[in-house]
Every structure is written in C-alpha cells, then in structure tokens.
Amino acid sequence: MSMAGRLTTVIVGFLVAVALIVTAVAVFLKPGTPGGVINFTKTQAAGAPVNLTVQTVGVIGFGPHPTWVSYLVKDPQGKWMHTTDWELPANTVVHMTVDEYDTGSPLRNQEWGQIQGTIGGYEVLNGKKISTYDSYTGNGVGHTFAVPTIGLSVPLIGVSGSATNQCGVAPCHFNSAHNIITFSFKTPKTPGNYPWQCFVPCGLGYYYGNGGPMSTQNYMGGFLSVVAQ
Ligand SMILES: [Cu+2]
C-alpha cells in the first residue's frame, strides 16, 4: 500500500473510533426512556443494603411531556433512567439519595413536612439531620417521596426560585441549583408491588394540581417491586 493509502486508512480508522466513542458517550448521557423495571437486586450481596439514587426535576425537558415535573433514577450502571418502577430485595435496608432540583412552596398539608417511616425518623438535608421541615420557612417543599403502605413519607426541600442556575433539561447535574437529601428505610418482608408517589400537588395546570405528572407512571409516582431474596 502506498504511503498515501496507509495514511488514509489510519485517518479513516481514527475518525471511526472517534465517532464510536462520541456515540457511546452521547448514549450514556442521554436518559433512558421509560419502560420496564430497573433491577437493584443484583448489585450487592444478599442482605446487604441497596444504594438508590434518584433526582427530582421541575422540568424534564424531553419526551412526550417536556414541561412536566418528574423523578429519574440512576441505574446500577450509573445511567439516569426515566423509569419509576424499581425492583428491590425484600426486608433490606435502602440508603436513598435524592438530588432535588425543583423549587418549592408552602405545603397544603403540614403533615407532609414530617419525616415518617425512615430509619431513625429523620432525613439528612445537605448534611443536616432534620425530623420535620416547616415549609413556611426557606424555600418550601418541592415534592415528597412517600410509600403509604409502609408509612414512609419524606419531604424534598425546594431550591431557591431566584437561583439563576436552574436546571432546564434532565438529567440535571450538580452545576444546577440543588439540595441533597438522604435517608434510609427498610423494604417490606412480603414481596409485592408497593406504590410510591409524591403527595405535593405539583401537576401545574391540572385540576387541583393532581393531574398530569401526578397521575402518570414514570413522573410523580411508581412502584417498589419488592422481590424475595
Ligand atoms: Cu411532586
């Protein structure tokens, strides 16, 4: 092969490699589309705690309802997925982290400001333990993470509405205004589908705020699919 031919082969090979890498990175960064269940039962030894990381966003920015509020979840490979059905082992501690990117407001029902059903009865808000949150102070509450059948209810504190670095398209990252909320809870002993939801009527533009994302799978509610170990 001539020098020019070899050079062309090397350049074409290099460009193909770059294109493959760029595509792989783009696919990884783009959130997964809804559907199916994200399985958290295989990433740790039986009986070991599960680490579950989710984010709440004020505007999802893509898909059939780009203006809706939503939850996203980080799958065991570290990719953000737009799926709210999570498979978890029964009778197991879940260490949950919520990256909260939405603004908040005073709660219609102050009961939702109580942290209930977590191990120790508290959540950790940006490194500080709290057992209740007065939504008339600070930035108010954006959403709650609640599993009524196991008595779990955790307020997710909003970010400042005047922050200039609001997240516009999910998945959001720490360069946007956010709060980090952590807490732990134990999954039930009995396998089954346990519904979880947000109780803050955050479906803006819908009747009493309870339509749209509040009543649609993969936005403000989903299931803990609890399976035997
Ligand atoms: Cu909500």
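1. The copper ion takes its protein donors from His143 (ND1), Cys198 (SG), Cys202 (SG) and Met220 (SD), at 2.1 to 2.4 Å. Donors here are N, O and S atoms within 2.8 Å of the metal (3.2 Å for Na, K and Ca); water is not among the atoms, so sites may look incomplete. Please keep in mind that this is a predicted model, where local features need pLDDT of at least 70, side-chain atom pairs count only at pLDDT 80 or more, and totals for chains, interfaces and linings use all residues. Residues are numbered from 1 along each chain as its sequence is written, and side-chain values use heavy atoms, with hydrogens and water left out.

2. The arrangement is tetrahedral because the four donor atoms subtend angles of 97 to 123 degrees around the copper ion; for four donors, the term asks that all angles lie between 85 and 135 degrees. Along the chain, the donors follow the spacing H-x54-C-x3-C-x17-M.

3. Cysteine 202 and methionine 220 are both buried (under 20% relative accessible area, with a 1.4 Å probe and protein chains only). Cysteine 198 is buried too, at a relative accessible area of 0%, while cysteine 202 has 10%.

4. The torsion about the S-S bond is about -85 degrees, so the disulfide is left-handed. Cysteine 167 is buried at 15% relative accessible area, and cysteine 172 is buried at 3%.

How values were computed. Tetrahedral: all angles 85-135°; square planar, octahedral: opposite > 155°, others 65-115°. Buried < 20%, exposed > 50% of the residue type's maximum accessible area, 1.4 Å probe, protein only. Disulfide = S-S within 2.5 Å.
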